[in-house]
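Please keep the structure open beside you while you read.

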Amino acid sequence: MTSFVHVDQPTSHPGVQRAEVLFGQIKAARASANGSRPLIALLVVAVIAAVLVVGDKLVSTWDEGALLAAWAVLCGAVFAGIALFASSLRAPASKVAGLWNAAAQRRAASRADARFLATAHSDPRVMQELQAAVWRQQSEGKASTAAVAKVDAAARKAARTNDARMPTLYEAMRRMNSSRYY
């Protein structure tokens, strides 16, 4: 005979509930800050730069043990300052992050285009599809004549390269072996 045991377990942990309340309070405190954020961000950067310069001047004559302790205190002060003014520094940091992500996307698109063009140069079918797409866009008025001329020049170059290309050993053996079985 089978018996079932039903144990009532809480669905959320009390520590998680306390952490959610804490994060909610922090979010509310950040939202209540008002509008002089760019000025505060500039002030924080200036203070951090001044502290680094003064710290470097003071520490440059110390020996190794005191030097390590001074740099640890200085780094702790810098991190505390950044944590204190994190809400003011968020907008400039997000702008820099957005610019970095946009540049990364442009580089990724450029690499993808280069891989696609390399494939189109080596495979005439892909080049024909590319030409057809560009001609279709030109007939719709979406592509410029320069883009069409560039693709046509690349197609002519790829055709010349493929006509004069020596097959690889793998391709030659595949052709030879496929002719035996048919």
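Pro124 sits in helix H5, where a helix is a DSSP run of type H or I with at least four residues, a strand is a run of type E with at least two, and both are numbered from the N terminus. This is a predicted model, in which local features need pLDDT of at least 70 and side-chain atom pairs count only at pLDDT 80 or more, while totals for chains, interfaces and linings use all residues. Residues are numbered from 1 along each chain as its sequence is written, and side-chain values use heavy atoms, with hydrogens and water left out.

Pro124 counts as partly exposed because its relative accessibility is 43%. On this scale, buried means under 20% relative accessible area, exposed means over 50%, and partly exposed lies in between (1.4 Å probe, protein chains only).

Gln131 belongs to helix H5, which covers residues 124-140. Setting aside neighbours within four places in sequence, Gln131 is in contact with Val151, Asp152 and Ala155; contact here means heavy atoms within 4.5 Å. Is Gln131 buried or exposed? Gln131 is buried, because its relative accessible area is 15%.

**Salt bridges**

How many salt bridges does the structure hold? There are two, each counted when a side-chain nitrogen of Lys or Arg is within 4 Å of a carboxyl oxygen of Asp or Glu. The table lists them.

| Asp123 | Arg125 | 3.0 Å |

The partners in the Asp123 and Arg125 bridge can be described by their accessibility. Asp123 counts as buried because its relative accessibility is 18%. Arg125 is exposed, because its relative accessible area is 59%.

**Surface patches**

Now for the surface. Patches are made of residues with over 30% relative accessible area and no salt bridge, with like charges joined within 9 Å and nonpolar side chains (Val, Leu, Ile, Met, Phe, Trp, Tyr) joined within 5 Å. Arg106, Arg107, Arg111 and Arg115 form a positive patch. For charges, Lys and Arg count as positive and Asp and Glu as negative, while His and the chain ends are not counted; the place of a charge is NZ of Lys, CZ of Arg, CG of Asp or CD of Glu. Arg107 is part of helix H4, residues 86-122, and it counts as partly exposed because its relative accessibility is 41%.

Leu22, Phe23 and Ile26 make a nonpolar patch of about 290 Å². Accessible areas come from the Shrake-Rupley method with a 1.4 Å probe, and for residues only the protein chains shown count as cover. Phe23 is in helix H1, residues 14-31, and counts as exposed because its relative accessibility is 55%.

Leaving out residues up to four places away in sequence, Leu89 touches Ala41 and Val44. The C-alpha atoms of Leu89 and Val44 are 8.5 Å apart, and the two residues are 45 apart along the chain.

Stepping back, the chain has seven helices and zero strands. Of its 182 residues, 14% are buried. The chain exposes about 14,800 Å², of which carbon and sulfur atoms supply 65%. Among contacts with a separation of 6 or more, 44% join residues 24 or more positions apart.
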